[in-house]
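Please consult the sequence and structure shown below.

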Amino acid sequence: MRETSYSGKDFEADIKNSIKEYSVNSQIECCRLYDVMYGKKGIANIADFILYSYPILIYLECKATQGKRFDFSRLTDTQLNGLINKAGKIRGVYGGVIVMFYEYDQCYFVPIEFIQAKLKDGKHSVNLAELETVWDTYKVDIIKKRTRYFINLLNLFYIVSTQIEYWGD
């Protein structure tokens, strides 16, 4: 279990640094959507990253959590509705949240369709134990460094490609 603090911004930086390895070989193209700051209202992004590796495009929101639970309220309405509207509307376009449970050094991709189904069932969160046992959420390979992580983004694209049958395309 990790004892140091680790923020969502740290996780976003780890994703960005992990992407650099794949960009060198032109395996993954990345567009970073930066959060708007300094009090500017009316501008909001649906995700932190747009990732592309033929033939898949992923709108990816990054969240880091200390405990064993990811609360869906951590997604803004713009993020939730935006990801739902993007995912599944166009063939090859997907959306989801990559959640780092940093105390447990585990990372999961949670498809937005999974979150939408949970919300329709009256659920407001998902816990680590459920993610470890439910087949329609996916563990992302990571390499733990001293205080940071390398995230295997090719593994993420593999995970998304395997969900096509379940969620439809």
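Two strands pair if DSSP finds at least two bridges between them; helices (H or I, at least four residues) and strands (E, at least two) are DSSP runs, numbered from the N terminus. The model is predicted, so local features need pLDDT of at least 70 and side-chain atom pairs count only at pLDDT 80 or more, while totals for chains, interfaces and linings use all residues. Residues are numbered from 1 along each chain as its sequence is written, and side-chain values use heavy atoms, with hydrogens and water left out.

**Confidence**
- The mean pLDDT (the predictor's confidence in each residue, from 0 to 100) is 85, and 86% of residues reach 70 or more.

**Sheet**
- An open sheet of 6 strands has the order E1-E2-E3-E5-E6-E8, with mixed pairing.
- Strands E1 (29–32) and E8 (138–139) stand at the edges with a single partner strand each, so one side of each has no neighbour in the sheet.
- E5 and E6 are antiparallel, paired over 6 bridges; Val99 has Tyr108 in E6 as its bridge partner.

**Helix H2**
- In H2 (residues 77–86), Gln79, Leu80, Gly82, Leu83 and Ile84 are buried, that is, under 20% relative accessible area (1.4 Å probe, protein chains only).
- Their cover includes strand E3 (56–65), strand E5 (93–101) and helix H3 (112–120).
- Just after H2, Gly88 takes a positive phi of about 80 degrees.

Terms used. Buried means under 20% relative accessible area, exposed over 50%, partly exposed in between (1.4 Å probe, protein chains only). Contact means heavy atoms within 4.5 Å.
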